[in-house]
Amino acid sequence: MANQHKNPNRSFRPDPPEDWKAFGDIAEEQGTNRQALLNGFMAWFLGRPGAELPKRPIDA
């Protein structure tokens, strides 16, 4: 279909739910967003060439 995005949305339910807001707030403080951090973590976890583990707030 012409109007369909090549990457469908995925569902993610953090536990506890309030972690989602905290994650977004800290990502924004670091000048990034949840999607970039999750993509970075997945690339690192999968061993993609050149991928680095995203910085944690206490490491920044």
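Biologist: In which helix do Lys-21 and Asp-25 both lie?
Modeller: This is a predicted model: local features need pLDDT of at least 70, side-chain atom pairs pLDDT 80 or more, while totals for chains, interfaces and linings use all residues. Residues are numbered from 1 along each chain as its sequence is written, and side-chain values use heavy atoms, without hydrogens and water. Helices are DSSP runs (H or I, at least four residues), numbered from the N terminus. Lys-21 and Asp-25 sit 4 residues apart, about one turn, in helix H1.

Biologist: How far apart are the closest N and O atoms of Lys-21 and Asp-25?
Modeller: A salt bridge puts a side-chain nitrogen of Lys or Arg within 4 Å of a carboxyl oxygen of Asp or Glu. The whole structure has 1. Lys-21 and Asp-25 form a salt bridge, with their closest N and O atoms apart by 2.9 Å.

Biologist: At what angle do H1 and H2 pack?
Modeller: H1 covers residues 18-29 and H2 residues 34-45, with axes 9 Å apart. Axes are lines fitted to C-alpha atoms over the stretch in contact, and angles run from 0 to 180 degrees between N-to-C directions. H1 is therefore roughly perpendicular to H2 (65 to 115 degrees). The packing angle is about 95°.

Biologist: Which residues in H2 meet H1?
Modeller: Contact means heavy atoms within 4.5 Å. From H1 come Trp-20, Lys-21, Phe-23, Gly-24 and Ala-27. Their partners in H2 are Arg-34, Leu-37 and Leu-38.

Biologist: Which residue does a cis peptide bond join to Asp-15?
Modeller: Most peptide bonds are trans. Here omega is about 10°.

How values were computed
Helix = DSSP H or I, 4+ residues; strand = E, 2+ residues; numbered from the N terminus. Parallel < 35°, antiparallel > 145°, perpendicular 65-115°, else oblique.
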